Structures are given as C-alpha cells and as structure tokens.
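Colleague: I would like to go through this model with you and ask how each label was reached. Please set each value against its cut-off.

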4 protein chains.
Amino acid sequence: MTSEGSSPRPKRRELSTGRLEAFSDGVFAIAITLLVLDIAVPATAERHLLRSVVDLWPSYLGYVVSFSTIGAMWLGHNAITEYLDHADATFVRLNLLFLLFVAFLPLPTRLFADFIERESSERVAVTIYGISLLLTASLLMTLWRYAVRMKLVRPDLDDEEVQLLTQRLTPGLAGYLVLIIAGLFVPLAAVIGYLAIALFYIIPLRQVRPALRFWRQARRSPRS
Amino acid sequence: MTSEGSSPRPKRRELSTGRLEAFSDGVFAIAITLLVLDIAVPATAERHLLRSVVDLWPSYLGYVVSFSTIGAMWLGHNAITEYLDHADATFVRLNLLFLLFVAFLPLPTRLFADFIERESSERVAVTIYGISLLLTASLLMTLWRYAVRMKLVRPDLDDEEVQLLTQRLTPGLAGYLVLIIAGLFVPLAAVIGYLAIALFYIIPLRQVRPALRFWRQARRSPRS
Amino acid sequence: MTSEGSSPRPKRRELSTGRLEAFSDGVFAIAITLLVLDIAVPATAERHLLRSVVDLWPSYLGYVVSFSTIGAMWLGHNAITEYLDHADATFVRLNLLFLLFVAFLPLPTRLFADFIERESSERVAVTIYGISLLLTASLLMTLWRYAVRMKLVRPDLDDEEVQLLTQRLTPGLAGYLVLIIAGLFVPLAAVIGYLAIALFYIIPLRQVRPALRFWRQARRSPRS
Amino acid sequence: MTSEGSSPRPKRRELSTGRLEAFSDGVFAIAITLLVLDIAVPATAERHLLRSVVDLWPSYLGYVVSFSTIGAMWLGHNAITEYLDHADATFVRLNLLFLLFVAFLPLPTRLFADFIERESSERVAVTIYGISLLLTASLLMTLWRYAVRMKLVRPDLDDEEVQLLTQRLTPGLAGYLVLIIAGLFVPLAAVIGYLAIALFYIIPLRQVRPALRFWRQARRSPRS
C-alpha cells in the first residue's frame, strides 16, 4: 500500500531531473557554441589573409581549451546526473551556480585570446582564465560531494563506484592551482596545462564503470 | 469503454506539454547564456588590463542579477509545469508572452551595465531594468493563477500545495514595485534588491513540498 | 506474427521524430532569443538615455512582430508534429528548408528596425521583411500539405480535424501577399498587419480540437 | 537470472545516449542559427538599401551552403545514433571532437562571405572553408566507422544496411578533396560544389532503409 501511494512521487522527481538535465544541456551547448563568435578576423586583413588567419592562433588555442573544458564539465555533469537517484532543492540551486560559471567561460576565453601576445597584460588574462576554470571545476566537485553526502545517488551504486568518481574529479583542482601559479611565470605553458587537465577529465571518466565491472566480474567468475 | 476511448487524448496533451517545456527550456538556457556576450573588455585595455577588468564590475553585477533572475524564473516555471496536468491553448499563448519578456531581459541588463556609473542616466537604466523584471515576474504569476483558475493543475494536488506556491510567487512582485521606486533615489541599492528577490525565489521554492510532506507524515504517524 | 515483427519499426521512426522535434525546438528557441541581440542602444546615448531608448521603438516593434511570428510558426509546427504518425525522408528535408527560413528571420527584422524611419529605404526593408515572412509561412503550409498527401498523419485523425488545420494555415498566406503590396505605400501599416497575422495564427490554432470535440460530444450526447 | 540482473544496465546506457543526442542537437541547432548573425548590412546603406542587400549575396550563399552542410551533418549524425545500440567512452569523446568542428563552421563561413569578392584573398578563404568542411565530414565518417568496428550498432541491423550507410558517407569526402583543389583555380565553383555535396548528403540518406526494406519485401513476397 505504501509503495502504491508513493510510486507517483519518484516519478515527479525524475521529471524535474529531466528538465534540470535539459536546461543544463542547453547552457552547455550554447556556451560551447558561442566560443566561436569571439574569434574575429579583422576586415582589413584582405592583403595578407592567410597570415592574419594564422596570427589568430591564440583564438584557436582558446577555442580548443575552452571547448575541451566545457566538454569535460559536461561529461562530468553527465556522469553525476547518471548516478543520481533524484535531486533536492539545494542540488538544483548549486547546479544553477555551477551553470553561472559555465556560461561565464566565454568571457575569460576572449580575454586570454585578445591579450596573450601582449607582454604587459598576458599574465593578468591567463590568471583570470585559470581562476575561472578552477571555480567551475570546484563547483562541479561540490555538486558531486553534495549529492553523495545527502544520499541523492542511486542506492544500487556501491561505495567503490562513488569513490572512483570522486578520485577522478579531485586531481584537476590541484592541477588548476599549480598551473595558476605557474602561469604567473610562463603564461602560455599554463594554458597548455589547462588543455591537458580538460583532456584528462574527458578521456577516462566514463571508462571507470565498465573497467570496474570487468574487474569485479573477473573476481566472481572462478566460482560460477 | 469511456476510459479506453479517452486514453490517447491525455497522452497527446502530455506530448504538447513536453514540447512546451523543451521550447521554454531552450529560451531560458539561451537568454541566460547570451548575458555574457554583453560584457565587453575594451581592446585598448592592454596597459591596465587588471584595472579595466575590475572596472567592469557593473557588467558582472548585471550578469549575476540577471542570471539569478532568469534562473529563478526557470525554477518557478519548472514548479508550475510540474504541478500541471495538461495545458490549454491560452496557457501556451501566455507562456509565449512570458518567454517574450524572458528573452528580452539581456537588453535592460546591458543598459544597466553600460549606464550605472553615469550620473545623468543611471536612474533611467535602473528603472527600465526594474520594470522589465517586474513584468516578467508578473507574467509568471499570471501563468500560475491561470493554471489554477482553469483547473489545469494535477487533480492529486491539495489546496495547501497550490496556495503555498501562490504565496511564494507573490512577495516578489511587491518587492519589485518598492525597489523600482527606491531605485529613483539609490539606483545601486535597487539592483542589490533585485538580486535579493531572485535569491528569495531561488532558495526555498522547491523545499515547499518535501517540508509539507514531512509535516503531514508527522501528523499521520501517531496512528500508524 | 506480422505485428510482432514490425513493432520495433514504428518505434524507430518515433525516435527520429523525437530528434526532429528537439532540433526544431532548438532552432526556434535560438532564433527567437537572438532577436534581442539586434537591439543596440548607442553608447553615446548617455545624456538623453530615456529618449534614446524611446527612439528605439522600431526595434521593439520588430522584436514583438518577429517574436510573435516565430512563436506562431512554432505553434503551427507543434500542431503538425502532434498530428504526425511518423516522418519520411522528404518531410525531414522539407523541415530543414523551413528551419533555414526560420533561422534567417533575425536578419530582415534587423533590416526593418534599422531602416523603418529612413524615407528612402523603408519600403525596401519592409518588403524584404514581408517576403521573408511569406516564404516561411508558405513552407510551414507545404510541410503540412505534404504530410497530409503522403498520409504521414495519424490514422485516428478524421478529415474534419485535418481540414480545420489546413483552413487555419491558409488565410495567413493571402494576408502576407496583400500586406506586402500595401507595404509599398504604407510601410508601417504592413508591419502592424504582420503582427496581426501572427496573433491570428497564435490565438485559435490549438482551440480547434477541443472545440471540435465538444461539438461532436454534444451531437452524440442525446443518444447516450 | 542474468537478464534480470543486467536489465537496468542497458537502460543507463540509453539514458546517456539520450543526453549525448540532446547535447549534440543543441550544438547543431545553435551553430546553424548563429550563421545569420554573421550577415551584416552596413548602417551606411541607407540610400541604396536594395543594392546593398543584393551585394551581400556571398553572405547568403555562405548561409545556404553552411546551413545545408550542418543540416546534412545533423541528418548523418541522426542516422548513426538511430543505428546505435549504445555508446562507449571513446564514442562520446569522438562525438565531442566532431562537435568541436561543427561549432567552428560559422567562422570559415564568415571568412568566405567577407573575402570571396576580393581577388587577393578569396582563394585562401575558400580553401580554409573547404578544409573545415572536409574535416567535419571526416569526423562524422570516423564516428560511424568506430561504431561499426566496436560493435556499438544495434544487433538487429544486417550488414547490408551498415554498408549502405558507409557507402553514403564516403563519396562526400572524395568530393571535398577534389573541390578544395578546384577551389584554388575557380573559388566560386568550389563553393557551389560544397552545396552540391551537402544536398547529396541530405537528399537520399534516409531513403536508404525504406527502399531496402521494400526491395527485400518484394523478394520475399512471391513465397508468402
């Protein structure tokens, strides 16, 4: 009887998680696609177009780094919501705060692209860029930690899987901190580092579970 | 027999609510992400980049206030559609009118960010900003009142839940009215107030139902 | 046995209609939200901001007309896909062509807003605007006619419902033709007319079915 | 027992494919709709507006070619995900790389539109445009080849259907290569060719399966 009465409740919650995902996907997709608007070929480039286009390399680098970072955040967000049983009011609010930083990333990207080659300002631009990336990644981590602490994750997940995702999300934060400091001395190297962190996030995040499942299956197999 | 004949009808309605939600989510997500496009660091900022970036604080404030407001509207819209059993033609039309104001918000935000520091025009900019927010919030309220009056809400919702959402949506409107007048004297204070209203909307909106459920469960428990 | 073997096929088709709807909703939502980007308050407006904002009325009018038109097209598209049983290759292609015109609408809107007050060019701008609207509406009509002719509509729809939607979509086309010619003499009046057509599309489109259902039920009731 | 234990697993995978599709649809829809932002009528066009609008033909051509190409890529992506049983970590990563190129297309489109009429730079612009299209199409091909090789496609698909889609995606790549070289001599002809490839992709892609089904049914019919 209790189960009959409570069955529509989780359905409602799932519905709201659905719109949370749809809205987040929208913000991710738009932020990632707006990046290209900030690459501007000067109209006066006519005579040496190829050279002008090549000279825009900081813009392409910024595009690739920010695209990879937002893509990595999307993958991480994806992994979190996939592990989620339901959301609560605070999670939805934290998610909005996280999206506020995701949607903001095109600005520091533009800053970096515009000022990377100019001696006097490139350190400022790269530091602002790094801090923005660090804050965004921290909020993603907070989202996940909150979901775990408040037991919003699916009950059928075992502690190993939960810990593995936590371990995946942690090193990036330390990496950003180190690179922000390194960027004060070698700005361009820091940006390459940001790209490396994004690729680190992107590459193995979703291989965690199949690998784990394979490992556990291998342990059980001898008995069956 | 009647139930067999009428069973596909609600399905169709739900489908149309699905696209209404998807379309609305799209408009919300785009409006909220376009806000960053209006923050422009002048290209001449090279020598004093840090200072130029700091001087853009009205743009960041505008970004945060408008992001929070659109986020709050999205949460409110989310709560309404979650309570909805089906939509009718007028609800869909009202929803379009509401989205017309949501999609318009980037313009008064830009206006506020560009003119807040300029003595002669900041009152005009802040007043226009406040009126835009008031109109958007009023239309959200109208959407909800219409849904209640026309019995579009789910039949399993009790009056308490309906009234609680109405009570949640009301104070913001009065708040905007007061702040629009206050903004004629202290423009910046009004904008901080707009942020406060947005946070008020965001924070407890979705905690209403679980709290209510907990309270009712507590009442029933002694008997079981 | 045949029904068992063919049951997964319609599922696939529905899935593809799902992405067609999601993609179309995305284009509609973005086109409708981009309109606001084309309203630009000149940075030199400081001293007479209120007046500058008021002087932008053609931009607001363009925003409202184009927002209403794209909203109306979205409602029409919504009605068509709701009536659809499945799509075929040509329908998907026609839909892309239709979206090409929907996504193009921000340009003639900007043109109209920029040139409406300038004697020598307002006729050109308004005519281009009208032709764009006419082409978009014609393609929506073509989509619907194609779906009917190729029997893509749901088999449980009766001819009355099909005809009613056709009748709803037709007068707008004639209206655009008349207004394009009228716009050569009184440009502003034509634009007001475009708004009227959009409102005509928006208002009763989805009241068709409930009204019809009520009417049929009333006919049958005496017997039951 | 095994099927009971593993039944929630594919559900999770499908869910993640759902967000992959939603996110991709978002990027496609935004990239395709942003194209219009790059068409700018000069504000000084007042006196000869019609002529100024006509003189923008390279922008319209770029709009149509890029819209068709992105539309074609969307159709191809649609066909691939429809054939997909589930995604794996590498597929999701490849998909992000593919979207990086899709979201980049507005830039070479703008380049082409701005420089096509200028003798000294049009070859550079058209070549960059062609290479961008080639890379995007190659990545779509890679996505499909990877899905086939890693057996991510639905088990009920027969080899014929798989081969037909592969054959559909191949000629475009050779076409782009030929046209990039041709574009060094006759830039405009190459662009017309890019449009032809996009239309080739768009037109028969999804007629493959029904045609095939019809053909197979015709073979079997005599016996039944």
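Colleague: Is C:I181 buried or exposed, and what makes it so?

Modeller: This is a predicted model, so every value here is computed from predicted atoms. C:I181 has a relative accessible area of 52%. Exposed means over 50%, so C:I181 is called exposed. The residue is found in helix 8 (residues 159-182) of chain C.

Colleague: How far apart are C:I181 and C:T127, in sequence and in space?

Modeller: They are 54 residues apart in sequence. From C-alpha to C-alpha, C:I181 and C:T127 are 8.1 Å apart in space.

Colleague: Why is the pair B:R51 and B:D55 called a salt bridge?

Modeller: The rule asks for a side-chain nitrogen of Lys or Arg within 4 Å of a carboxyl oxygen of Asp or Glu. The closest N and O atoms of B:R51 and B:D55 are 4.0 Å apart, and the pair is listed as a salt bridge.

Colleague: Where do B:R51 and B:D55 lie?

Modeller: Both lie in helix 3 (residues 49-55) of chain B. They are 4 residues apart, about one turn of the helix.

Colleague: What makes B:R51 exposed and B:D55 partly exposed?

Modeller: B:R51 has a relative accessible area of 59%, and over 50% counts as exposed. B:D55 has 42%.

Colleague: What is found for C:R154 and C:D156?

Modeller: C:R154 forms a salt bridge with C:D156, and the closest N and O atoms are 3.0 Å apart. C:R154 has a relative accessible area of 13% and is buried. C:D156 has 46% and is partly exposed.

Colleague: How many salt bridges does the rule give over all chains?

Modeller: The count comes to 16.

Colleague: How many salt bridges does the rule find across the interface of chain A and chain B, and which residues form a salt bridge there?

Modeller: The rule finds 1. A:R19 forms a salt bridge with B:D25, with the closest N and O atoms 2.7 Å apart. That value is within the 4 Å limit, so the name applies. The elements that give two or more residues to the side of chain A that touches chain B are helix 2 (8-34), helix 5 (89-104), helix 6 (106-115) and helix 7 (122-149) of chain A. Helix 2 of chain A has the largest share, 14 residues. By class, this side has 23 nonpolar, 5 polar and 7 charged residues.

Colleague: How many residues are in contact between chain A and chain B, and what is the area buried between them?

Modeller: 35 residues of chain A are in contact with 41 residues of chain B. The buried area is about 3500 Å², and carbon and sulfur atoms give 68% of it. The size of an interface is often given as the accessible area lost when the parts come together.

Colleague: What does the contact between chain C and chain B look like in numbers?

Modeller: It takes 41 residues from chain C and 35 residues from chain B. These two chains bury about 3500 Å² between them, 68% of it on carbon and sulfur atoms. B:R19 forms a salt bridge with C:D25, the closest N and O atoms being 2.7 Å apart. The count of residue pairs in polar contact between chain C and chain B is 6.

Colleague: Which elements give two or more residues to the side of chain C that touches chain B?

Modeller: They are helix 2 (8-34), helix 3 (49-55), helix 4 (57-83) and helix 10 (208-220) of chain C. Helix 4 of chain C gives the most, with 10 residues.

Colleague: How do you know that the copies meet through different surfaces?

Modeller: Only 9% of the interface residues of chain A are also interface residues in chain B, so the surfaces are different.

Colleague: What rotation superposes chain A on chain B, and why is the relation called four-fold?

Modeller: A rotation of 90 degrees with 0.0 Å of shift along its axis superposes them, with an RMSD of 0.0 Å. The two copies are thus related as by a four-fold rotation axis.

Terms used: Residues numbered from 1 in each chain as written. Chains lettered and ligands numbered in written order. Predicted model: local features only at pLDDT ≥ 70, side-chain atom pairs only at ≥ 80, totals over all residues. Heavy atoms only, no water. Contact = heavy atoms within 4.5 Å. Buried area = accessible area lost by both parts, 1.4 Å probe. Nonpolar A, V, L, I, M, F, W, Y, C, P; charged D, E, K, R; others polar. Polar contact = N/O pair within 3.5 Å; in protein donor to acceptor, adjacent residues only side chain to side chain. Least-squares fit on C-alpha atoms with pLDDT ≥ 70 in both. Buried < 20%, exposed > 50% of the residue type's maximum accessible area, 1.4 Å probe, protein only.
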